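Keep the 3D view open as you read.

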Amino acid sequence: MVCGRNDTTHWLAGRASSRLRRWSGFVLILCWLVTSTYGQVGQRIQKIDIRHVGPPAASESLIRANIRVKEGDTFVRTSVDDDVRSLFSTGFFYNIRVATEPADGEEGIKLIYVLQGNPVLTEIRFEGNEKYSRKKLLKKVTSKIGEPLIERKVFLDAQEIEKLYQKSGYQRTKVTPEVKNENEATGRGTVTFKVEEAPKIKIDDVEFVGATAFKQTKLRQAVRRRRWWMFSWITGSGVLKDEVFQEDKEKLT
């Protein structure tokens with residue numbers, strides 16, 4: 001986001017409203033920056049400042065290495081936006097804002113990057129899981145305690161847990177990750193995976209409607225899908241599994 005005197009405030013595209021709660025300190029700093037912003041596109045950048053909200057998530061050398069705009073350059077909003085994208089791509093930051101203010105005793109402006117790092121993951125919780133134990137589900141989670149809490153990574157973890165249930169026949173099971181900032185000052189957060197377990201869907205029968213070129217018995221031999229029977233709890237057959245259903249359709253084609 002680039003803040004300017006003409007109240008031109010732009011949030012970086014793609015930051016979803018469901019993400020971590022805004023830190024109060026971050027909001028206060030932003031309010032100060034908006035009220036003190038100065039400068040228009042085309043002015044010379046006299047100085048570039050780096051400011052952190054919460055613990056620094058990366059070294060200043062790494063941050064400046066991802067900022068192509070330099071002191072002495074002419075202020076171009078699109079160039080600053082490119083730098084914001086570059087900083088986000090490092091994976092260290094949750095929020096990045098850029099503002100301008102008058103340069104001290106000089107003509108031109110000061111460019112200020114305000115950075116909020118991803119919180120450190122301190123706890124992983126599971127709710128609603130009865131079929132699988134916490135130990136079993138943790139094997140599907142790539143997010144680790146003590147590492148930066150990255151929302152995309154958490155989202156992919158939830159998908160992997162869903163796949164675990166689906167492969168066992170619990171097709172309608174949903175897993176929703178909830179990310180919470182537990183300590184704003186120290187930058188610590190937790191993740192809770194809320195599991196809505198669904199029952200297995202058993203197959204009563206398999207029919208091939210409209211099939212005239214081949215007999216039903218011939219078609220049944222071509223697919224893996226089988227009806228539920230007394231020993232299905234051993235063989236694993238007779239349960240609806242989406243990936244098997246797709247494979248069977250391809251075989252029939």
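## Starting at Leu 115

Leu 115 lies in strand S4, and since this is a predicted model, everything said here is about the prediction.

Who does Leu 115 touch? Leaving out residues up to four places away in sequence, the list runs Ile 50, Arg 51, His 52, Val 53, Ile 63, Leu 87, Phe 93, Asn 95 and Ile 96. Pro 56 is worth a look too: 59 residues separate Leu 115 and Pro 56 in sequence, while their C-alpha atoms are 8.0 Å apart in space.

Zoom out to the strand itself. S4 covers residues 109-117 and is mostly covered, with nine of its nine residues buried. That goes for both faces: Ile 109, Leu 111, Tyr 113, Leu 115 and Gly 117 are buried on one side, and Lys 110, Ile 112, Val 114 and Gln 116 are buried on the other.

Follow the chain on to Asn 118, in the loop between S4 and S5. Asn 118 is buried, at a relative accessible area of 14%. Its side chain has a polar atom 2.8 Å from the backbone oxygen of Gly 91.

Not counting residues up to four places away in sequence, Asn 118 touches Gly 91, Phe 92, Phe 93, Tyr 94, Pro 148, Leu 149 and Ile 150. Take Pro 148 from that list: Asn 118 and Pro 148 are 30 residues apart in sequence, and 5.7 Å apart from C-alpha to C-alpha.

## Aromatic pairs

How many aromatic pairs does the structure hold? Four. One of them is Phe 92 with Phe 93, an edge-to-face pair at 6.4 Å centre to centre and 65° between the planes. Phe 92 is partly exposed, with a relative accessible area of 29%, whereas Phe 93 is buried at 4%.

Why is the pair of Phe 126 and Phe 193 called stacked? Their ring centres are 5.5 Å apart and their planes sit at 20°, so the angle falls under the 30 degrees that counts as stacked. Phe 126 is in strand S5 (residues 120-127) and Phe 193 is in strand S7 (residues 188-196), so this pair ties together parts 67 residues apart in sequence. Phe 126 is buried with a relative accessible area of 13%, and Phe 193 is buried with 1%.

## Tyrosines and Asn 129

Tyr 132, Tyr 165 and Tyr 170 are linked by ring pairs into a cluster. Lys 131 lies over the face of Tyr 132, 5.8 Å from the ring centre.

Setting aside neighbours within four places in sequence, Asn 129 is in contact with Arg 134, Leu 137, Tyr 165, Val 195 and Glu 197.

## The chain overall

Now for the whole picture. The secondary structure comes to eight helices and seven strands, and 37% of the chain's 253 residues count as buried. The chain exposes about 14800 Å², with carbon and sulfur atoms supplying 52% of that.

As for contacts with a separation of 6 or more, residues 24 or more positions apart account for 62% of them.

How values were computed: Residues are numbered from 1 along each chain as its sequence is written. This is a predicted model: local features need pLDDT of at least 70, side-chain atom pairs count only at pLDDT 80 or more; totals for chains, interfaces and linings use all residues. Side-chain values use heavy atoms; hydrogens and water are left out. Rings of Phe, Tyr and Trp (its six-membered ring) pair if their centres lie within 6.5 Å; planes under 30 degrees apart count as stacked, over 60 as edge-to-face and the rest as tilted. Buried means under 20% relative accessible area, exposed over 50%, partly exposed in between (1.4 Å probe, protein chains only). Helices (H or I, at least four residues) and strands (E, at least two) are DSSP runs, numbered from the N terminus. A charge sits over a ring if NZ of Lys or CZ of Arg is within 6 Å of the ring centre and within 35 degrees of the ring normal. Contact means heavy atoms within 4.5 Å. Accessible areas come from the Shrake-Rupley method with a 1.4 Å probe; for residues, only the protein chains shown count as cover. A polar contact is a pair of N or O atoms within 3.5 Å; within protein, one must be able to donate a hydrogen and the other to accept it, and residues adjacent in sequence count only if both atoms are side-chain atoms.
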